[in-house]
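Hi,

Here is the structure we talked about, ready for you to open.

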Amino acid sequence: LSSRRRLFSVKLRPATFAEAGVAAPFTTPTVAQARLRLDRRGRVEIVARNPTGNGGAYIMPLKAATELFRLSIHDRVLVDRLLALPAISPLSIRAQAQAVALEGLAGPDAKDAASRAIAEAEEHALLTLLLLLERWLAEAGQPRIDWRAIDTGDRAVRERLKPYFVRLEPSTGMTGRALVDAVESLSSVVAPIGFAQAPFESLAVTTLAELRALDASIGSWAATEHHELAGIAGLVQDCAALTITCAEASLAKAAGLLQTTGRLLDAHSTAPEAVAAVLTRPIWLLHGWRHLIALWQSVADQPRPAQRDVVVELGELVPLVPLEAEEWQGRSRQKPRSQYELHRHVRLNEDWRTGLAIERQAVLERLQAAAL
Amino acid sequence: MSAIHGADGTLLDLLDRVDDQKLRRVIELIEASGQRPVLEPALAALRPRLRSLRPRRPLTLIRLVTAPFALALVDDASPHAFAAVRRGHLPRWQAAALDPLDPALATMVRELAATPGDDEHQAMLAAGRRLWPAAATALTTMAPAGEPAEDRLERLRVADCLALGGTLLPLLDRLLPIPALPDAEDRETLQAILAIAAEGPPDRLAIVAAMLLRAASRPWSLAAQLLELAPGALQGALRRVLERLLVAHRLDLERCLERQAEADTPIADYATAIERLAAALTLPEGTAQRPLGRDDPSPLRRPAAAMAMTRFAAALDGLLLPLPPPGAPARAAAQRAREAEARALSRLGRAVRRLAPDGGIERLIEEAVERLVDAGAARGKGRQLPVGIEDARLIEILAGPDIAWHYLRPHAGPAGPGALARRPPPAGRR
């Protein structure tokens, strides 16, 4: 269990989500699930597992990954798209990965899955928009939406909703266009977490349910497993349990914010970043688990040795909940030093241990000349 | 003809056609029902697939009693039964070992085997240590009238394996799969196994060596290592045994080559068979080729490579047939099948390269890529894209991502990663 304690220790848990980064669905085995984050200069950097299988990670600008690794064509296109992203987030990376998969670069199965996921996300966003608007109309004492005239499969459905937004102009002091933009923007953030009245299961709710199932499945698997692997399975369970607790609390907090559309939009207009932060927390927390869930499901019918291999891989990939998530729950925590503070940033031709320039080699040559 | 043996429409034909997941489930059901021994001869045709699928098997008495000599089993058609147990005799030895078993002991063994515990191997050892000595005694003490001398030897061989089960199986478990280059711990285990083999009846050395060689992907390499590790007093006897076993292995490989040349097996199974051949006929990198005694299998490499090349070229031709038109419902399924076949071909190509590094696989792949590119250019007149994404994925699987990217790059837009834009085009192409 010492490795389990070590992996789950405060020291190795990232301080913030920004430091943990976002796992990217690369198909090249050496960078599979490598994490992306912004460096001090705001450039995207990649944190890839040590390809030798030992501890540590390779950290480099994402652009340099194409030089160091022999990436699949899917990953080369994905890297291109990711480099052009204005912000790194689970949803932005998911969208780019879906777009690349839709082209067929990850094979026919991924293409079909991407097509279904994109259609589902669009439908969820539209339904969310309709529900937010419906509730807002009720809050403002306006007549409700005539659902008979609404077909969610109709491309012009948003146009048909304009009159409803216009009715809200007097009470909000905003133009119909601005109202549409605000609700559209919110619905794309709310749809992935869903809310109580939604007639669909959101990405967050689905993932949370699957994570609970993974937790239970790994638990029963580990009950008949020997010490070392049971320890790794326990680590996965510990991380899953903490993620579930934090995600449930974050979903509850987001649900509180979503209780009234009017107040939500007020808050969004005054502090859009704070509102978006609360609404996207469940997604940040659950991010990375979908790959692990799929990995575990892929060996459900496999013999025990194959499942053992996957448990080891789960232990390596398991997303550690950043310490800041505990502050979100109102728990105090020991302030750890950010890993950024612990790292040395090394420039080209600079010795990583001493920070001295590569001229250190000349010093060593001089020493050798004196000692010979 | 039974329902399982026969022509189209029988269970065996159906099993041959179903996907891996369904086949695994059916076999697991057969195992759970205890009918596997009865159906074993008919299921033999599926053995190559089952070897990679590894369906879960309940720990039955039959399985338990077979475990100590499972590695000694050979097909009835095998030209050599030296230090082996013929698969066709299996039901006879299983019955001879289990029929006289005390019912109370049988119940205890069943309970031990069914106890949910750490892992199956531990359960097998716990139950086997009760069962195997009794089974060994049953086989040793029986004396069937008119038993042929060959059968008697085999019976005693099985009995000795059962007697050794409790000590030999944990060592084998520690060793398997036998690594190409054993480390210090593996060498210690091999020495411990040789020490066990050196004691007891004279046949024991041969049966233990035979089991080790059958479990090894590189029997020639392992034989040389065993000779290195054996104590001086054992060297002479071990060398004689190994030379005889390696002759049998070479003959088996020749039979395997003949079967593969005639067989119309799916390309994935064919690739697996050639991979095994290549592993058996080549040494790990960094080790010298040292044929043991008079038997040198390396002349088999050329004909094996030539045969596999012919199949590779034919399969490649099939792979390059055009897909159904865009938008056709069958297109995705066709691409899925094409990619699976290309992956099998990629494995086959790697195996051929090991058998004959200058065998011409690269030239075949280059030609295939050129044909894909030319066909793409002919289909998309006026289009700036040398290949579509589907063909690019085939090129990626067969020739690697760098070459695929070279032809696909226009898809990625002008802002492709700078490093790749600076790379020269693949050699030998426009």
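Below is what I found, starting where the two chains meet and then moving inside each chain. Please keep in mind that this is a predicted model.

**Where chain A meets chain B**

On the chain A side, 27 residues are in contact with 33 residues of chain B. Together the two chains bury about 2,500 Å², and 50% of that is on carbon and sulfur atoms. If you want to know where to look on chain A, go to I73(A), R76(A) and D301(A): these lose the most area to chain B, and together they account for 27% of what that side buries.

One to display is between R336(B) and D109(A), where the closest N and O atoms are 2.5 Å apart.

Which elements of chain A give two or more residues to the side that touches chain B? They are α3 (62–68), α4 (73–83), α6 (108–139) and α15 (304–317). The largest share comes from α4(A), with 4 residues. Sorted by class, this side of chain A has 9 nonpolar, 8 polar and 10 charged residues.

**A closer look at R76(A)**

R76(A) deserves a view of its own. This arginine sits in helix α4 of chain A, and its relative accessible area is 2%. Since buried means under 20% relative accessible area, R76(A) counts as buried. What does its side chain make a polar contact with in chain B? The partner is the side chain of D402(B), at 2.6 Å. Within chain A, a polar atom of the R76(A) side chain lies 2.7 Å from the backbone oxygen of L71(A).

**Two aromatic pairs**

Searching the whole structure gives 2 aromatic pairs over all chains. F17(A) and W284(A) make an edge-to-face pair, with 5.9 Å from centre to centre and 70° between the planes. This pair links distant parts of the chain: F17(A) is in helix α2 (residues 17–20) and W284(A) in helix α13 (residues 272–286), 267 residues apart. F17(A) is buried, at a relative accessible area of 7%.

The other pair is W221(A) with W296(A). Their ring centres are 5.8 Å apart and their planes stand at 90°, so this pair is edge-to-face. W221(A) belongs to helix α10 (residues 203–222) and W296(A) to helix α14 (residues 289–298), so the pair ties together parts of chain A that are 75 residues apart in sequence. Both tryptophans are buried, W221(A) with a relative accessible area of 6% and W296(A) with 8%.

**An enclosed helix in chain B**

Finally, please look at helix α12 of chain B, residues 219–229. Of its 11 residues, 10 are buried, so the helix is largely enclosed by the rest of the structure. Among the buried residues are P219(B), W220(B), S221(B), Q225(B) and L229(B). What covers them? The cover includes α10 (184–198), α11 (203–215), α13 (232–262) and α14 (267–281) of chain B.

Happy to go through any of this with you at the screen.

Best wishes

How values were computed:
Residues are numbered from 1 along each chain as its sequence is written. Chains are lettered from A and ligands numbered from 1 in the order in which they are written. This is a predicted model: local features need pLDDT of at least 70, side-chain atom pairs count only at pLDDT 80 or more; totals for chains, interfaces and linings use all residues. Side-chain values use heavy atoms; hydrogens and water are left out. Contact means heavy atoms within 4.5 Å. Buried area is the accessible area (1.4 Å probe) that two parts lose on being put together, summed over both. A salt bridge is a side-chain nitrogen of Lys or Arg within 4 Å of a carboxyl oxygen of Asp or Glu. Ala, Val, Leu, Ile, Met, Phe, Trp, Tyr, Cys and Pro count as nonpolar, Asp, Glu, Lys and Arg as charged, and the others, Gly among them, as polar. Buried means under 20% relative accessible area, exposed over 50%, partly exposed in between (1.4 Å probe, protein chains only). A polar contact is a pair of N or O atoms within 3.5 Å; within protein, one must be able to donate a hydrogen and the other to accept it, and residues adjacent in sequence count only if both atoms are side-chain atoms. Rings of Phe, Tyr and Trp (its six-membered ring) pair if their centres lie within 6.5 Å; planes under 30 degrees apart count as stacked, over 60 as edge-to-face and the rest as tilted.
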